[in-house]
Amino acid sequence: MDKLLIKGGKTLAGTVDISGAKNAALPELCAALLTAEPVTLENVPRLQDVATMLKLIRNMGVTAERVEGSSGAVLVNAGGLSSPEAPYELVKTMRASVLALGPLLARFGEATVSLPGGCAIGSRPVDQHIKGMQAMGADIVVEHGYMIAKLPVGPNGQRGRLKGCSITTDMVTVTGTENFMMAASLAEGETILENAAQEPEIGDLAEMLIKMGAKIEGHGTSRISIQGVERLHGCTHQVVADRIETGTFLCAVAAAGGDVVLRHGRADHLDAVIEKLRDAGAVITAGDGFIRVQAQGRMQAQSFRTTEYPGFPTDMQAQFMALNAIAEGASKVTETIFENRFMHVNEMVRLGANIQIDGKFAILEGVEKLSGATVMATDLRASASLVIAGLVAEGETLIDRIYHLDRGYDQMEAKLRGIGADIERIKS
């Protein structure tokens, strides 16, 4: 099992290229299942979750290959899709596999998708997905760990189409919004999504679907309307830059100090995080296709509360907590999205952080320095927070179980080395 060895205390300077967003690439690979024509996705990050999704759709009979010599292009052709099934062996490692449900059901009238696995950060039920597809006319049963979805067979012996309807979810759900939007693109009539997620990745998926011929309005708001069409076609689409990778590097520079330009970073996708970083003392400037962060000396601790976009993202909570751990003053972090998202705290305490947990609250008293130690990653964003803590800790920090990190960060240690960090991967 690979590990990361970090020798802390280095300031960071230079340029980092931000990769395409994992949380956009995964649904967009599934969106390619909606058509028999070729789809080219550009700027697809090289991540374990992406490799798993490619393996999943190949298992269905889809051709999906990276384009040699390109900057992250993947060519997907679902014309030969022969098995509308997502088996447990692949789904168990990544809950985003549930995104295959909508496209398969919309195009083929049936789908068999295993109940998903993935992160250990808390309960993320699929009941909202099931209720939405049922509202669109699908018969769905859950048995032997699988969601088995089918549309009624018509007089011609063929399965019919999903029916447009109004869907109001009990909670804001990103993957639910994506699944419904993809399914509704081939449904009969109009579908209205109320209480829709507003994340930039939703908008990016909508723009891809529109290129494929879908009729979608309102993406980026809580009310999305989709007018179903009979057929979608191929397209070329560039995956939006990863706002969480961007935010992670912003926090790393704020904690370690330095002057770094993040190419392709989108400041307009990180308003809540950037505002807190500026309040902490970082100087952040942005333009078309870049963000520059400058930080000197100790930052000021900032309290924050995670919430749905455009609020402070839960996916940035652990990384900002690493900054607060060595910032000046006390702070309170409130986690409202996932119940198990403080699992990194015990590992940070091993490094010398002063953090107390009380239910959904974390109370931090900033310390002047952390001390290197051996720690263990528990989930994707926890891994990133431990990397940031290791960058500022005195001595050596050894991070175990970094396969979590590889699920969501494209060559993180290489990018950090490129801006001056002393970090290396130790192969097991």
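At which residues does UniProt place the feature "binding site" (unreviewed entry)? The record places this feature at Arg95, Arg124, Pro125, Val126, Asp127, Gln128, Asp315 and Ile337, and its positions are given in the numbering used here, with shortened feature names and annotations that may be inferred rather than shown by experiment. The structure is a predicted model, in which local features need pLDDT of at least 70 and side-chain atom pairs count only at pLDDT 80 or more, while totals for chains, interfaces and linings use all residues. Residues are numbered from 1 along each chain as its sequence is written, and side-chain values use heavy atoms, with hydrogens and water left out.

Among the annotated residues, glutamine 128 sits in helix α5 (residues 127–135), where helices (H or I, at least four residues) and strands (E, at least two) are DSSP runs numbered from the N terminus. Glutamine 128 counts as buried because its relative accessibility is 4%; buried means under 20% relative accessible area, exposed over 50%, and partly exposed in between, with a 1.4 Å probe and protein chains only. Not counting residues up to four places away in sequence, glutamine 128 touches Thr169, Asp170, Met171, Thr173 and Phe180, contact being defined as heavy atoms within 4.5 Å.

For "binding site" (unreviewed entry), UniProt also lists Lys22 and Asn23. Lysine 22 lies in helix α1 and is buried, with a relative accessible area of 7%; leaving aside neighbours within four places in sequence, lysine 22 is in contact with Pro27, Pro45, Leu47, Asp49, Asp242, Leu380, Arg407 and Gly408. Asparagine 23 is likewise found in helix α1, but its relative accessible area of 29% makes it partly exposed, and, with neighbours within four places in sequence left aside, its contacts are Glu178, Glu201, Asp315 and Arg381.

Leucine 209 touches Ala31, Leu34, Met181, Met182, Ser185, Ala214 and Ile216, with residues up to four places away in sequence not counted.

Helix α6 (residues 174–185) and helix α7 (residues 200–211) pack at an angle of about 10 degrees, with their axes 10 Å apart; the axes are lines fitted to C-alpha atoms, for helices over the stretch in contact, and angles run from 0 to 180 degrees between N-to-C directions. The two helices α6 and α7 are therefore roughly parallel to each other. In this packing, Val174, Thr177, Glu178, Met181, Met182 and Ser185 of α6 meet Glu201, Ile202, Leu205, Ala206 and Leu209 of α7.

Helix α9 (residues 271–280) has Ala272, Val273, Ile274, Leu277 and Ala280 as its buried residues, and these pack against α8 (243–256), β16 (283–287) and α10 (317–325). Just after α9, glycine 281 takes a positive phi of about 125 degrees. Isoleucine 355, in strand β20 (residues 354–358), is buried, with a relative accessible area of 7%.

Notes
Angles under 35 degrees count as roughly parallel, over 145 as roughly antiparallel, 65 to 115 as roughly perpendicular and the rest as oblique.
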